[in-house]
Amino acid sequence: MTDRGNEIVRVQGIVKDFRPGFGLRRKRVLHGVTFDVQENEIFGFVGPNGAGKTTTLKILMGLIRPTEGRARILGSDVLESEFRHQIGFLPENPYFYPFLTAREILDFYARLSGVSASDRARRVDRLLGIVNLGHAMDARLRTFSKGMLQRVGIAQALIHDPKVVFLDEPMSGLDPLGRMEIRDLILSLRAEGKTVFMNTHILSDVESICDRVAIIVKGRIRHQGQIEDFLPTERRETDLLISSLPPETADDLGERFELEMRGLGERLELRVAEKDVNAVLDAVMRVGAEVVSVTPRRSSLEDVFLDAVRAGDETTSTPGGSR
Amino acid sequence: MGSLLRIHALATNTFREAIRNKLLYTLLGFSFLMIASGVLLATLSYVEVEEILQDMGMSAIRFFSAGIAIFVGIGLIHNEVDRRTIFTILSKPVSRSEFLIGKWAGLTFTVWLQLALMGLAFAIVSALAGAPLRPEHSLAITLIGLELMVLVAVATLFSAFTTPMLAALFTIGLWMIGHLTRDLHALSQQSDVESVAAAGSWLFQLLPDFEVFNKTLEAVHGLPIDRGEVWLAVAYAVGYTGCTLLVGSMIFSRRDFK
């Protein structure tokens with residue numbers, strides 16, 4: 001069924017060009033994107049705005065045709081439609097027919113997905129309960145808040161019990177409680193044996209729930225690998241925020257220790273290696289400067305992400321020797 | 001079977017959406033006014049009063065139902081793309097052809113329903129004015145229904161790849177030309193230039209011939225309508241609609257939804 005035993009999504013050398021206007025000039029937004037998603041994992045697809053996350057997802061959903069390359073889901077070409085009863089999709093900021101109720105819209109999507117008449121009502125009620133919209137199932141969607149529409153979007157993506165779920169910014173528009181609930185829901189999908197592909201820019205969510213991550217910047221995959229590859233490394237540092245530090249002391253610290261210094265108005269931020277923290281703090285307090293904050297810092301997904309964004313057009317690399 | 005169920009779901013939803021369109025009720029209201037105003041217009045004449053009344057009514061039905069088909073139809077696909085509702089629909093096992101056919105079927109049913117209401121208004125006004133009602137009247141209105149079916153397909157085709165404004169211009173243009181193709185064809189055949197005659201014949205085959213569906217004259221003046229011509233019109237409507245939706249599906253299936 002799939003090319004490799006447990007490979008669910010395979011994206012191979014996808015290139016996408018758009019024509020901005022009527023002219024012949026083309027703008028390339030994806031440059032040979034390649035990655036795969038394995039069975040029963042939560043895959044985080046991370047990148048800054050305009051990196052090509054949504055374009056890639058739209059290619060996977062068959063909404064956009066790739067200029068070059070190919071993409072397969074569950075062994076089927078993404079331009080086919082029959083295999084889609086096995087996938088669910090939540091677009092970014094979903095919008096639904098405002099004249100329908102939550103129950104009616106889910107019934108509509110269930111019918112499109114080929115859910116039998118006998119199962120439809122039961123599934124609709126269950127899904128609305130899961131996304132905490134049981135109280136609003138007969139309200140018109142025009143009365144729904146952004147967060148409620150997001151929940152409807154998640155419910156429609158799951159209405160036909162798909163094997164693979166694609167979520168574009170699933171936490172968008174949700175309050176902290178809602179985000180926690182959706183995080184738990186995504187984890188429960190994995191526990192049920194489903195595979196989840198998640199587009200997001202909220203790195204804390206990626207760190208807490210994803211098994212593997214790919215970082216895309218300017219249409220190129222910069223890093224991909226297991227989430228562990230992006231988490232704590234040997235290099236530990238601490239940020240010290242100091243107020244009223246005499247300039248000569250700052251110069252002295254710069255000579256004695258290996259540290260990064262950044263002025264923030266009247267304050268100075270020092271990034272110090274963990275082994276030097278006590279010595280630097282002693283020196284600072286001796287001259288009567290005020291220590292505003294001490295924040296232990298670890299190299300994390302955020303660093304890798306920011307480095308990748310800053311690197312711009314540098315060649316693709318892989319952290320931790322993976323993949 | 002699954003395909004029919006999906007098309008049915010899309011058509012039902014399109015119908016539910018279309019009947020909430022305020023433009024539809026505005027045009028329907030104007031059509032009722034025009035049908036009723038035939039009574040006033042008929043008083044201006046001493047002869048053929050009933051014919052004038054019914055001619056006015058049938059013309060109003062054709063004009064306003066075509067207006068509904070065009071102006072509701074042109075936004076069919078564009079609205080789905082603009083509001084991004086198409087993203088979730090096409091992520092289900094729905095082919096783009098099924099989507100297009102579902103939209104067409106839903107709007108065709110909507111315009112047929114409003115055509116029935118206009119026909120009812122026509123019958124009431126005729127009965128109140130003492131004008132005769134014959135089976136030819138219902139046959140002529142049924143043929144208008146076939147014309148609308150083709151027109152909705154044309155609107156759907158243009159809506160599949162262009163903006164509502166351009167789709168409206170193209171569809172209105174084609175509707176007007178469609179009522180003149182026989183005259184244009186006849187004119188071209190009188191040309192001494194062979195290429196003009198050939199082009200005229202080619203265009204006649206390509207462009208819709210909406211006069212096939214126009215039996216107003218026969219209905220209003222109590223003339224018989226040839227049943228053979230009616231069946232020919234049915235076959236023409238089905239064939240032209242099928243070809244138009246096929247071309248629309250081919251274009252639509254290549255389209256990117258950014």
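Q: What pattern does chain B follow when read along the sequence?
A: In this predicted model, chain B reads α-α-α-α-α-α-α-α-α-α-α-α. The count is 12 helices and 0 strands.

Q: What radius of gyration does chain B have, and what would a compact globule have?
A: A compact globule with 258 residues would have a radius of gyration near 18 Å, and chain B has 20 Å, which agrees. The C-alpha trace of chain B spans about 65 × 50 × 35 Å along its principal axes.

Q: How many of the residues in chain B are buried?
A: Buried residues account for 43% of the 258 residues. As for contacts in chain B between residues at least 6 apart in sequence, 83% join residues at least 24 apart.

Q: How are two packed helices described?
A: By the angle between their axes and the distance between the axes. In chain B, take helix α2 (residues 22-42) and helix α3 (residues 49-73): their axes come within 8 Å and cross at roughly 170°. An angle over 145 degrees counts as roughly antiparallel, so α2(B) is roughly antiparallel to α3(B).

Q: Which classes of residue make up the contact of α2(B) with α3(B)?
A: The contact has 19 nonpolar, 4 polar and no charged residues.

Q: Why does the end-to-end distance of helix α4 of chain A agree with its number of residues?
A: At 1.5 Å a residue, the 13 residues of α4(A) (residues 146-158) should span 18 Å, and the end C-alpha atoms are 19 Å apart, so the two agree.

Q: Is α4(A) mostly covered or mostly uncovered?
A: Mostly covered, with 10 of its 13 residues buried. Among them are Met148(A), Arg151(A), Ile154(A) and Leu158(A). The cover includes β6 (87-90), α2 (102-112), α3 (117-130), β7 (164-168) and α5 (176-191) of chain A, together with α5 (85-90) of chain B.

Q: Which residues of α3(A) are buried?
A: A general point comes before the case. An α-helix has 3.6 residues a turn, so residues three or four places apart point the same way. In α3(A), the buried residues are Arg123(A), Val124(A), Leu127(A) and Leu128(A). What covers them includes α2 and α4 of chain A.

Notes:
Residues numbered from 1 in each chain as written. Chains lettered and ligands numbered in written order. Predicted model: local features only at pLDDT ≥ 70, side-chain atom pairs only at ≥ 80, totals over all residues. Helix = DSSP H or I, 4+ residues; strand = E, 2+ residues; numbered from the N terminus. Expected span 1.5 Å × (residues − 1). Buried ≥ 20, exposed ≤ 12 C-beta atoms within 10 Å, placed from the backbone. Contact = placed C-beta atoms within 7 Å. Axes fitted to C-alpha atoms, helices over the stretch in contact; angles between N-to-C directions. Parallel < 35°, antiparallel > 145°, perpendicular 65-115°, else oblique. Nonpolar A, V, L, I, M, F, W, Y, C, P; charged D, E, K, R; others polar. Rg over C-alpha atoms; globule rule 2.2 N^0.38 Å.
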